[in-house]
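Let's take a quick tour of this protein chain together. Have the sequence and the model open while you read.

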Amino acid sequence: MTNNSKSRRLINSRDDYITIQLIDETNLVDHIPPCVYRVDFEEGKMVLIKDRAKFTVPPKVFGKHNLYMKAITEKYDPLGKMLGVMLFGKPGSGKSLLAESLGNWMLTQDIPVILINKSFTDQALDTIASLVGPCMFFFDEFEKVYSDKEHRDQLLPFFSSTKHLGILSVITGNDREALPSPLLDRPQRFYFRIPYQHGVDKAAADEVLTFMKIDEKFHEALHVYIKNEEVNMDVFLNVVRMTAGLSGPDDLIELVSILNVPDFPAKKSYANQVINQIELNG
């Protein structure tokens, strides 16, 4: 490295010696650019690795997603103390979609997202927060990354810290019981605790049917379908899309029986009752 207008000297005085190092200022920035990063430590130095420019989320999301987004984003303060959000429920229930939507919102605020996909210590997380500044920590599938209970419990001081400003900590988990009770029971650590229930509720299903302009002759069969707790919103949307080009609910039920999705409740016997009822109602 040469000594030029884009370099400066870093002089570090020790007890018995002085180190002098040239610092290249060509690519210096005044803050971490908004992006989704993974983090690592190499030779004692923190390294941010660009993972992606942003998360890929669908343009339209149904259910209580927008209500949750509004509540969390209005509460977040880039100059305020750490805000914790805990999301748990079965895979496909929508918790990761909310977390990724929050991440994209943070990026629009010129704030980076840090993916925590390694079981960093409390001290390491503290270092990351100190060096990065305002950001979103995204702990996806927390109980898998921090599979050791003792290690999880050691993170409590970090989540209780008041020295880091503008940190949004978002934890997702499939199993509520795997999350440390001190995290669940202390609102000063996690202000929001949102459980994602199994299945699809009727209000969300009706919103989908209205938005996608589904013929009413399919509504009853689809309402029966969501009573199956194995059906999540992703599955429901796929089945709803299958109504295109079908003549009626009997065709839909027949098609679902060969798709890689949960069957209609009670399969054909119950399905025939639904079809007969629709015919009786005209």
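Here is a short briefing, from the whole chain to its sheet and surface.

This is a predicted model, where local features need pLDDT of at least 70 and side-chain atom pairs pLDDT 80 or more, while totals for chains, interfaces and linings use all residues. Residues are numbered from 1 along each chain as its sequence is written, and side-chain values use heavy atoms, leaving out hydrogens and water.

**Whole chain**
- Of the 282 residues, 41% count as buried (under 20% relative accessible area, 1.4 Å probe, protein chains only).
- You will find 12 helices and nine strands (DSSP runs: H or I of at least four residues for helices, E of at least two for strands, numbered from the N terminus).

**The sheet**
- Seven strands form an open sheet with mixed pairing, in the order S4-S3-S6-S7-S8-S5-S9 (strands pair if DSSP finds at least two bridges between them).
- Its edge strands, S4 (45-52) and S9 (192-195), each pair on one side only.
- Strands S6 (residues 113-115) and S7 (residues 135-139) run parallel and are joined by three bridges; Leu-115 has Phe-138 in S7 as its bridge partner.

**Helix on the sheet**
- Helix H1 (residues 65-75) packs on the sheet and touches S5 (83-88), S8 (167-173) and S9 (contact means heavy atoms within 4.5 Å).
- The direction of H1 makes about 165 degrees with that of S9 (axes are lines fitted to C-alpha atoms, for helices over the stretch in contact, with angles from 0 to 180 degrees between N-to-C directions).

**Strand S1**
- Ile-11 sits in strand S1 (residues 7-13).

Note on methods. Buried means under 20% relative accessible area, exposed over 50%, partly exposed in between (1.4 Å probe, protein chains only).
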